[in-house]
Amino acid sequence: MVGAGPAGLAAAGAAASEGARVVVIDAADQPGGQYWRHRSESAGVPEDGKLHHGWNEYLDLRRTFDEHVASGAIHYLPRTSVWMLRKRADEDFLLELTPSWGPPSGIRSVTATRLVLATGGYDRQIPVPGWDLPGVMAAGGIQGFVKQNGTLPGKRFVVGGTGPFLLPVAANIVAAGGSVAAVCESSNLMGWLPRAHRAAGVPAKGVEGAGYVWEFLKHRIPYRTSTVITEILGDDHVTGVRTAKVRPTGEIVAGSEREITGIDGVGLGWGFTPQLELPLQLGVSTRVDVDGSLIAPVDDAQHSSVAGLLLAGELTGVGGAALAVIEGRIAGRVAGAESQGRSAVASARELREIGRQRRFAEAMHLAHPVPQGWQDRLTPETTVCRCEEVTAGEICASRETLASEDQRALKGTTRAGMGWCQGRVCGFAVSGLASNDVADHTSLANAAKRPIAQPLPLSQLANLEN
């Protein structure tokens, strides 16, 4: 198993319960993933779960996980990343490992007859003039900072982008003692009207949403729909933002511009990008989902297009933690049984719940699309690739004069996506700018292909076995 978030924890426990020997590899220093990121266990910091949804489910999954670790059924490798993944001639998978931080564990590689990948995703970002200023973070970065540290990276924030995820980020900010000057939601929410029945099929989401409404009313958080951040202000740190109302077609509504000052933090998020580097190293089939993200389809048993490889969670389509746990249980049970020479399938109840969760996720994506016209709001000087400091003007010039019409070509002509993050932050935006429209499948797939998935010392390449 790779990943110890909601899907990975569920998969590991299910596989071990089938009698399989399980190795769980995770880049973090404790289980939980981004969704259940929490205070440091090694430092003995208590965690009451108040900043989390589904905390009791995490405790149940964690209890099972810890029991299997104690019994030896699960071998847990924290602070470890898989930097390359191959399939050998004997059909086993070979995973090459490197420390994600800290000293080496002494284990350089792992082989597996069945492999479950549950690597999750990260915030999808769209550039805004000024987004490279200190104080600007991904919305999920602010939430992760609060959950792990119990403090805030600022005092007064504006949160902008699209999707329900903006709500818990704002709620976490005020729960940690900060304030939110505004939440700017780019959609008008009318997209929920023809899909309300899909939301009704997952009543827990309605209860969660009602809780956020109460938090917004209690703390007087302005929630502005059809609103985008057009510019982030400041010299050496964020001091304010400019916002404007937008029509569904992307045009700014004349006279709607306003300025919010006296802030020191901005959180941005336009959905999530599945982390597909490892499955793509094996040549897994992909497609573009309704939210514009690249995903890897699976069958009812979570099998991918590659024999022996199972996927769970955001890799199969962004759908949230509840869906990830169900998929993880199925993937772990199937992988565990198959590793023992048996077969296993998803239950009818599990498939029905997956169907409900998927229908809700599709409704959410369609009601909260990436806003049209975001490219038109960039200036030529707007930084798009922050690692390599490549501007929108440079990217557009390369597209027009050098026929750089996908992310891979732009990487070669402008260095966009060639820095430390390897295009994880700017890849979606660069792909969209390359086509002067929405990012297409080829460009997104090229952006996600990385023969080396994680930074590693050169000595590991030198010592690599053929």
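This is a predicted model: local features need pLDDT of at least 70, side-chain atom pairs count only at pLDDT 80 or more; totals for chains, interfaces and linings use all residues.
Helices here are DSSP runs of H or I with at least four residues, strands are runs of E with at least two, and both are numbered from the N terminus. H10 covers residues 392-402 and H12 covers residues 427-435, and the two pack at an angle of about 40° with their axes 9 Å apart; the axes are lines fitted to C-alpha atoms, for helices over the stretch in contact, and angles run from 0 to 180 degrees between N-to-C directions. That angle makes H10 oblique to H12, because angles under 35 degrees count as roughly parallel, over 145 as roughly antiparallel, 65 to 115 as roughly perpendicular, and the rest as oblique.

Residues are numbered from 1 along each chain as its sequence is written, and side-chain values use heavy atoms, with hydrogens and water left out.

Back at the helix pair, Ile 395, Cys 396 and Arg 399 in H10 meet Val 430, Leu 433 and Ala 434 in H12, where contact means heavy atoms within 4.5 Å. By class, these contact residues are five nonpolar, no polar and one charged, with Ala, Val, Leu, Ile, Met, Phe, Trp, Tyr, Cys and Pro taken as nonpolar, Asp, Glu, Lys and Arg as charged, and the others, Gly among them, as polar.

The next pair is H3, residues 139-149, with H4, residues 166-175, whose axes come within 9 Å and cross at roughly 40°, and here the crossing is left-handed. Ala 139, Ile 142, Gln 143, Val 146 and Lys 147 of H3 make the contact with Pro 168, Val 169, Asn 172 and Ile 173 of H4, a set that divides into six nonpolar, two polar and one charged.

H8 and H9, the latter spanning residues 348-367, pack at about 145° with axes 10 Å apart, and their crossing is left-handed. Among the contact residues are Ile 326, Glu 327 and Arg 333 of H8 and Glu 353 and Arg 358 of H9, and the contact as a whole has five nonpolar, one polar and five charged residues.

Which elements each supply at least two residues to the lining of the largest cavity? They are strand S16 (272-274), H12 and helix H13 (441-448), and H13 gives the largest share, three residues. A cavity, on a 1 Å grid over the protein atoms alone, is a set of points where a 1.4 Å probe fits but cannot get out, and lining residues have an atom within 4 Å of a point. The largest cavity holds about 180 Å³ of space, a volume being the space filled by probe spheres set on the points, which are joined across faces, edges and corners. Of its 16 lining residues, Tyr 122, Thr 273, Leu 444, Ala 447 and Ala 448 are the closest to its centre, and by class the lining has eight nonpolar, five polar and three charged residues.

Key: On a 1 Å grid over the protein atoms alone, a cavity is a set of points where a 1.4 Å probe fits but cannot get out, and a pocket is an open set with protein on both sides within 12 Å along at least five of seven lines; lining residues have an atom within 4 Å of a point. A crossing is left-handed if the near helix is turned anticlockwise from the far one by less than a right angle, and right-handed if clockwise.
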